Amino acid sequence: MVLLGTIVNGLSIVAGSFIGRLLNHIPEEMKGTVMQAIGLTVMVLGLGMGLKSEQYTIVILSLVIGAVIGEMLQLEAHLNGLGAWLEKKFGNSSQGSTAEAFVTATLVFVIGAMAILGALDSGIRGDHTVLYTKSVLDGFTALILSSTLGFGVVFSVVPVILYEGAIALFATQINRLVPAPVLHSFITEMTATGGIMIFAIGLNIAGLAKIRVANLLPGILVVAVLVGLLHAYYTVFG
């Protein structure tokens with residue numbers, strides 16, 4: 001079953017969110033310290049991913065161009081608007097901001113190589129090992145985020161399933177159309193670009209900055225374009 005890994009990943013996020021909801025009665029001082037600890041951990045994770053780049057020019061250009069596109073499209077505002085709608089429908093003031101929880105969790109779960117690699121493995125080889133591993137990590141992350149940011153974390157399961165499911169369903173076509181070196185280069189530079197975004201998420205969680213990370217998301221698509229153009233250049237001019 002092509003979507004098995006994606007479904008398991010979604011269920012792990014839901015389970016972690018519900019368990020975290022049971023642990024949401026944390027004293028404010030403790031919650032603040034825990035949030036700072038989570039932020040520092042996410043920053044280290046993002047930094048490690050960011051250092052994997054083999055061509056930092058692509059990373060820089062992707063983030064800059066992506067930021068311009070994201071600001072023009074106001075992606076952060078739209079995501080926050082969706083989160084606010086969810087908060088109005090399902091939110092509980094005692095659980096924190098549904099909008100913030102939804103946006104933060106969505107970015108954490110979607111950005112990263114494991115989602116793409118795992119979905120590709122599911123679609124091409126029927127191997128769900130990577131997504132199973134991601135499910136364990138996401139489940140614990142959902143538990144922690146839900147217990148601190150609020151139950152809005154559970155709504156991030158929708159974009160995660162749509163994102164991973166689409167890649168898994170079209171994995172065979174992707175594998176056939178995209179040359180292996182190009183796919184490898186894209187995953188490497190996407191990981192580095194996404195890592196910087198995750199580092200920014202860590203800064204936000206720790207309360208050290210307020211970066212509109214969602215407005216950087218087009219940078220992932222820009223990575224694909226730049227890697228493709230670079231491959232075409234080397235193919236034509238050697």
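Which residues in helix 3 meet which residues in helix 10? Ile 58, Val 59, Ser 62 and Leu 63 in helix 3 meet Glu 189, Ala 192, Thr 193, Ile 196 and Met 197 in helix 10, where contact means heavy atoms within 4.5 Å. The model is predicted, so local features need pLDDT of at least 70 and side-chain atom pairs count only at pLDDT 80 or more, while totals for chains, interfaces and linings use all residues. Residues are numbered from 1 along each chain as its sequence is written, and side-chain values use heavy atoms, with hydrogens and water left out.

**Helix 3 and helix 10**
- The axes of helix 3 (residues 56-73) and helix 10 come within 9 Å and cross at roughly 55°, the axes being lines fitted to C-alpha atoms, for helices over the stretch in contact, with angles from 0 to 180 degrees between N-to-C directions.
- That angle makes helix 3 oblique to helix 10, given that angles under 35 degrees count as roughly parallel, over 145 as roughly antiparallel, 65 to 115 as roughly perpendicular and the rest as oblique.
- The residues of this contact of helix 3 with helix 10 divide into six nonpolar, two polar and one charged; Ala, Val, Leu, Ile, Met, Phe, Trp, Tyr, Cys and Pro count as nonpolar, Asp, Glu, Lys and Arg as charged, and the others, Gly among them, as polar.

**Helix 6 and its surroundings**
- Helix 6 (residues 113-124) has 12 residues and reaches 16 Å from its first C-alpha to its last, close to the 16 Å expected at 1.5 Å times one less than its number of residues; helices here are DSSP runs (H or I, at least four residues), numbered from the N terminus.
- Nine of the 12 residues of helix 6 are buried, with buried meaning under 20% relative accessible area, exposed over 50% and partly exposed in between (1.4 Å probe, protein chains only).
- The buried residues of helix 6 pack against several helices, including helix 1 (4-22), helix 5 (98-110) and helix 7 (129-148).
- Just after helix 6, Gly 126 takes a positive phi of about 70°.

**Helix 6 and helix 8**
- Helix 6 and helix 8 pack at an angle of about 40°, with their axes 7 Å apart, which makes helix 6 oblique to helix 8.
- Ala 115, Ile 116, Ala 119, Leu 120, Ser 122 and Gly 123 in helix 6 meet Tyr 163, Glu 164, Ile 167 and Ala 168 in helix 8, and by class this contact has seven nonpolar, two polar and one charged residues.

**Lys 210**
- Lys 210, found in the loop between helix 10 and helix 11 (218-237), is exposed, with a relative accessible area of 70%.

Definitions and conventions:
Helices (H or I, at least four residues) and strands (E, at least two) are DSSP runs, numbered from the N terminus.
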